[in-house]
Amino acid sequence: MSTLSIMIDEAGNFDMSTTCDPLYCITLVFHNQDDDITDAIEGFDTIQRQKGFNSEKAVHVSPLIRKEPPYAELDKNERKSLFTATASFIQRLPIRYKAFMFDKKQSSSYSAFIAKMVSSFNSFILANLSYFQQFDKIRLFYDRGQREVSLLLNSTFAEIFTNTEMKLAFQDNYKLLQVADFICTLEFAKEKWDRGLETKSVVDFFGTRRIFIRNYYNNLRKFQF
């Protein structure tokens with residue numbers, strides 16, 4: 001039985017007030033479970049341990065960049081080392097991803113924003129219907145951090161495909177959820193940089209936008225759906 005895993009991560013919130021960040025990103029990482037990733041995971045775990053990190057704990061990229069707990073005591077070189085190890089791990093994976101970027105200012109209300117997200121998801125699914133139909137089962141992995149995302153998945157994938165299974169999942173238990181977190185964070189950072197809204201922590205960590213694109217973001221392009 002062929003199974004497609006879809007790992008979900010998001011950046012942003014559903015606060016529609018004008019004082020809140022208008023950008024929202026949701027990223028889906030696709031993995032055909034027939035493609036074995038055991039060696040890649042074991043290699044990543046080994047590198048983490050060699051660098052003095054606990055391989056059983058998830059790498060959370062946003063606090064890593066911002067020098068927040070659990071990375072507050074690490075210097076920039078140590079944080080960059082863990083980031084690079086994660087980026088190298090991703091390069092070994094047989095995955096694809098799709099990042100959906102939304103601007104809440106372009107929606108007149110909360111309900112209109114949700115409707116726009118549903119429409120974008122449905123358009124993507126229908127445009128790639130033959131890809132999804134090749135699988136006997138589609139498993140959606142999400143930590144249920146935002147109620148709206150759970151509803152979005154139920155009203156799109158679960159409505160279109162009868163073979164959909166929703167699984168409560170956390171990054172400590174699934175390396176591919178860490179991958180979704182990594183990609184979502186970089187997609188969100190790029191969008192902000194493109195709009196001139198880059199944060200000080202992102203600039204401090206990556207340097208210039210040119211360096212960020214050339215050395216980090218461009219490495220993800222081959223995985224884009």
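Two housekeeping points before we start. The model is predicted, so I talk about local features only at pLDDT of at least 70 and side-chain atom pairs only at pLDDT 80 or more, while totals for chains, interfaces and linings use all residues. Residues are numbered from 1 along each chain as its sequence is written, and side-chain values use heavy atoms, with hydrogens and water left out.

Let's begin inside. A nonpolar core here is a set of buried Ala, Val, Leu, Ile, Met, Phe, Trp, Tyr and Cys residues joined through side-chain atoms within 4.5 Å. Buried means under 20% relative accessible area, exposed means over 50%, and partly exposed is in between, with a 1.4 Å probe and protein chains only. In soluble globular proteins, nonpolar side chains tend to be buried together.

Which residues touch the most other members of the largest core? They are Phe83, Ile95, Val179 and Phe206, in a core of 40 residues. Two or more residues each come from α1 (38-50), α2 (61-66), α3 (76-91), β3 (95-103), α8 (175-194), α9 (200-206) and α10 (209-215). Those names are DSSP runs numbered from the N terminus: helices are H or I with at least four residues, and strands are E with at least two. The biggest giver is α8, with nine residues.

Take Phe206 as an example. Beyond its neighbours within four places in sequence, Phe206 is in contact (heavy atoms within 4.5 Å) with Ile65, Phe83, Trp193, Ile211, Phe212 and Tyr216. Apart from this core lies another one, of 26 residues, including Phe30, Phe124, Tyr131 and Tyr142.

Back to α8, our top contributor. Of its 20 residues, 18 are buried, so α8 is largely enclosed by the rest of the structure. After α8 comes Gly196, with a positive phi near 75°.

Next, α3. This helix has 16 residues and reaches 22 Å from first C-alpha to last, close to the 22 Å expected. Its buried residues are Arg79, Lys80, Leu82, Phe83, Ala85, Thr86, Phe89 and Ile90, and their cover includes α1, α2, β3, α8 and α9.

How do α1 and α3 meet? Their axes come within 10 Å and cross at roughly 170°. That makes α1 roughly antiparallel to α3. For the record, axes are lines fitted to C-alpha atoms, for helices over the stretch in contact, with angles from 0 to 180 degrees between N-to-C directions. Under 35 degrees counts as roughly parallel, over 145 as roughly antiparallel, 65 to 115 as roughly perpendicular, and the rest as oblique.

On the α1 side you'll find Ala40, Ile41, Phe44, Ile47 and Gln48, facing Leu82, Ala85, Thr86 and Phe89 of α3. Seven of these residues are nonpolar, two are polar and none is charged. In that tally, Ala, Val, Leu, Ile, Met, Phe, Trp, Tyr, Cys and Pro are nonpolar, Asp, Glu, Lys and Arg are charged, and the others, Gly among them, are polar.

Leu93 sits in the loop between α3 and β3 and, at 5% relative accessibility, counts as buried. Setting aside sequence neighbours within four places, Leu93 contacts Ile37, Ala40, Leu176, Val179 and Phe223. Thr27, in strand β2 (residues 23-32), is buried at 0%.

Finally, some backbone details. Where is the cis peptide bond between two prolines? It runs from Pro69 to Pro70, with omega near 5°, and Pro70 is in the loop between α2 and α3. That loop also holds Lys67, a non-glycine residue with a positive phi, near 60°. Lys67 is partly exposed, at 38%. Arg144 also has a positive phi near 60°; Arg144 lies in the loop between β4 (137-142) and α6 (147-155) and is exposed, at 53%.

Note on methods. Expected span 1.5 Å × (residues − 1).
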